[in-house]
Amino acid sequence: MNFQHKNLLESGRWFEMNIFEQLANIGVEVGRAINWKNKGNQEYSRLAFERSLELLYFTIEDKKNRDKLGELCRLKEVLGDYFMGENQYKSSAENLNKYFYPFNYAARVISNNELLKSVKSAQKEYQENLVIKANSISDLLER
Amino acid sequence: MFGNFVKVVVDIKKGIMAVDADMHVDLEKLMLENGSEQKDLWGINLYPEFFGTENFIEYDSMINIRPWQNNRSRGVEDENIRKKIVEVVEKLVKNV
């Protein structure tokens, strides 16, 4: 298979992302496809649309998303209909972007929470080390 | 039936197909839940009134747009894949 995101697939990086990060990244490509479509550059719009489909294909392949197949498959139908079909679902640039924005937000919140967690864990470790060192010094002084 | 045709998704590797839904993606989902792989699934429409003629099968589905498999349209561009689809359909649809 001739994937554009071959490295992302082979490194397993895509499958390490949670569903919010995956959909946020798909949304970035969809946003690009919309922007180029609005600017009248059909070729660039098509390329971005194809990249979004490819990422969606990986997301459907991802075993942890098995319970989300309905949503993901329907998303493929809607995107195909908007970019290559007759737009029978009456999608618009605005409502497609609106669909993806919350995933960006959720991905950011989660990554911020993870960052906060690791900072707190490092702080705790540092404080515990200080206590150990302090204990060692007081032990020395008592001898 | 969807108007005058039936939507179908064919698994060319397993030689099976899912039939009749509002959207091909619903059939694709069903097939994936039952162990099919995306790369083997192709969407077609069957026109019962044209059974036995070349117009019986129409290759047209959103699930077929897979540039990484050299298929950039809703049709099925590879003749070998079309042949496999025909084989599965002929095996499973005896008459209508």
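This is a predicted model: local features need pLDDT of at least 70, side-chain atom pairs count only at pLDDT 80 or more; totals for chains, interfaces and linings use all residues.
Local features were kept only at pLDDT of at least 70 and side-chain atom pairs only at pLDDT 80 or more, while totals for chains, interfaces and linings use all residues; side-chain values rest on heavy atoms, with hydrogens and water left out. Residues are counted from 1 along each chain as its sequence is written, with chains lettered from A and ligands numbered from 1 in the order in which they are written.

Chain A turns out to hold six helices and zero strands, where helices are DSSP runs of H or I with at least four residues, strands are E runs of at least two, and both are numbered from the N terminus. Along the sequence that reads as α-α-α-α-α-α. The chain is more spread out than a compact globule, because its radius of gyration is 23 Å, well over the 15 Å that the globule rule gives for 143 residues. That radius is taken over C-alpha atoms, and the rule is 2.2 Å times the number of residues to the power 0.38.

Of its 143 residues, 36% count as buried; buried means under 20% relative accessible area, exposed over 50%, and partly exposed in between, with a 1.4 Å probe and protein chains only. Among contacts in chain A with a separation of 6 or more, 63% link residues 24 or more positions apart, a contact being heavy atoms within 4.5 Å.

Next comes a helix pair. The axes of H3 (residues 19-38) and H5 (residues 69-84) of chain A come within 12 Å and cross at roughly 5°. The axes are lines fitted to C-alpha atoms, for helices over the stretch in contact, with angles running from 0 to 180 degrees between N-to-C directions. That angle makes H3(A) roughly parallel to H5(A) (under 35 degrees; over 145 is roughly antiparallel, 65 to 115 roughly perpendicular and the rest oblique). On the H3(A) side, Ile19(A), Leu23(A), Val30(A), Ala33(A), Ile34(A) and Lys37(A) meet Leu72(A), Leu75(A), Leu79(A), Tyr82(A) and Phe83(A) of H5(A). By class, this contact has ten nonpolar, no polar and one charged residues. Nonpolar covers Ala, Val, Leu, Ile, Met, Phe, Trp, Tyr, Cys and Pro, charged covers Asp, Glu, Lys and Arg, and the others, Gly among them, are polar.

Phe103(A) sits in helix H6 (residues 93-142) of chain A and is buried, at 16% relative accessibility. Leaving out residues up to four places away in sequence, Phe103(A) touches Phe20(A), Leu23(A) and Ala24(A).

Over in chain B, Arg74(B) lies in the loop between strand S4 (57-58) and helix H2 (79-92). At 18% relative accessibility, Arg74(B) counts as buried. Its contacts, not counting residues up to four places away, include Met84(A), Gly85(A) and Glu86(A) as well as Tyr59(B) and Asp60(B). Asn70(B) is found in the loop between S4 and H2 too, but is exposed at 54%; its phi is near 55°, a positive value in a residue other than glycine. Asp20(B), in the loop between strand S2 (16-19) and helix H1 (24-33) of chain B, has a positive phi near 75° and is partly exposed at 42%.
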